[in-house]
Amino acid sequence: TDPRNWKPVATMNEKGKISTLSLGGQRLRKLDPQFLKTELFDQAVTIDLASSDLAVSAMVDCISRAKSLRQLHLGGNGLGDDGTTQLLTNADLSRLRTLDLRYNDIGEKGAKAIGDYLKKPNCLCEVMYLEGNKLGDEGAASISATGPLRELFLGQNNIGPDGASTLAKGLVIGSHLKKLYLEGNHIGTWGARYFRDVLIGMGDDKKLEKLYVDNNGIKKQDAIRLASAVNSAT
């Protein structure tokens, strides 16, 4: 609990409490999880546990102590559907503005838990990283109601035209999304057309400003038309 012991991996605020904790890339599963049960975390704003291999229960304990948490990075931990559901069910993430869950083997079940989190009335998350998971079309449908999100990263998630269709329709229903990243999926020409038609139909109500769809098998002419629809009146 001595603050001096945390200096290599943390920055402290003026009260001597941890403000930023950076344990990304440290393999922590075999360590006694008691080391995370410290009152020094109660004012942490940013916690990075990416690729730490920490047990989900220990993550929940750590997060629960951080009453001022705004940014949480958990990429590359192999959470899977069960771990993601456990995390989102048991940890208080209501204060978060940024949640990073990229490369965690998240599929349809985990996507449903994410969708439920975004629908909570007290959810304030504005940026979510989900690249390199296994959401597919069903998972995309589960998170198509993006709630308070302003930026959503969905690259390399095996999302096809059907997933693109549900994501496009989600833009119409109370969406605040300004940037959507879909690189490296396979939405194809039909997916591009779904987005284009929805965006054109929204007219002045459109909030989306950037749509990234590189490497999706979209024909050149359809890509041009989609870009025109995204850029109109923005």
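**Note on the core, rings and loops of this model**

1. Arg193 lies over the face of Trp190, 5.1 Å from the ring centre. Here a charge sits over a ring if NZ of Lys or CZ of Arg is within 6 Å of the ring centre and within 35 degrees of the ring normal. Arg102 is placed over the face of Tyr129, at 4.4 Å from the ring centre.

2. A word on the basis of this note. The model is predicted: local features need pLDDT of at least 70, side-chain atom pairs count only at pLDDT 80 or more, and totals for chains, interfaces and linings use all residues. Residues are numbered from 1 along each chain as its sequence is written, and side-chain values use heavy atoms, with hydrogens and water left out.

3. The largest nonpolar core holds 64 residues. Such a core is a set of buried Ala, Val, Leu, Ile, Met, Phe, Trp, Tyr and Cys residues joined through side-chain atoms within 4.5 Å. Buried means under 20% relative accessible area, exposed over 50%, and partly exposed in between (1.4 Å probe, protein chains only). Tyr117, Met128, Leu130, Leu154 and Phe195 touch the most other members. In soluble globular proteins, nonpolar side chains tend to be buried together.

4. Which elements give two or more residues to this core? They are β2 (18-22), α1 (56-65), α2 (80-90), α3 (108-119), α5 (161-170), α6 (188-202) and α7 (220-231). The largest share, six residues, comes from α1. Helices (H or I, at least four residues) and strands (E, at least two) are DSSP runs, numbered from the N terminus.

5. Look at Met128. Leaving aside residues up to four places away in sequence, Met128 touches Leu99, Ile114, Tyr117, Leu118, Leu149, Glu151, Leu152 and Phe153. Contact means heavy atoms within 4.5 Å.

6. There are three aromatic pairs in the structure. Rings of Phe, Tyr and Trp (its six-membered ring) pair if their centres lie within 6.5 Å; planes under 30 degrees apart count as stacked, over 60 as edge-to-face and the rest as tilted. Phe153 and Tyr181 are stacked, at 4.0 Å centre to centre with 10 degrees between the planes. This pair links distant parts of the chain: Phe153 is in strand β7 (residues 151-153) and Tyr181 in strand β8 (residues 179-181), 28 residues apart.

7. Phe153 is buried at 12% relative accessible area. Tyr181 is buried too, at 14%. The rings of Tyr181 and Tyr212 have centres 4.4 Å apart and planes at 10 degrees, so this pair is stacked. Tyr212 sits in strand β9 (residues 210-212) and Tyr181 in β8, so the pair ties together parts 31 residues apart in sequence. Tyr212 is partly exposed, at 30% relative accessibility. Ring pairs join Tyr129, Phe153, Tyr181 and Tyr212 into a cluster.

8. Now α7. Its buried residues are Asp222, Leu226, Ala229 and Val230. Seen down the axis of α7, they fall within an arc of 100 degrees, so they line one face of the helix. The arc is that of the directions from the helix axis to the C-beta atoms. These buried residues pack against α6 and β9.

9. Two loop residues deserve a look. Tyr103, in the loop between β5 (98-100) and α3, has a positive phi near 50 degrees and is not a glycine. Tyr103 is partly exposed, at 42% relative accessibility. Asn215 lies in the loop between β9 and α7. Its phi is positive as well, about 60 degrees, although Asn215 is not a glycine. Asn215 is exposed, at 66% relative accessibility.
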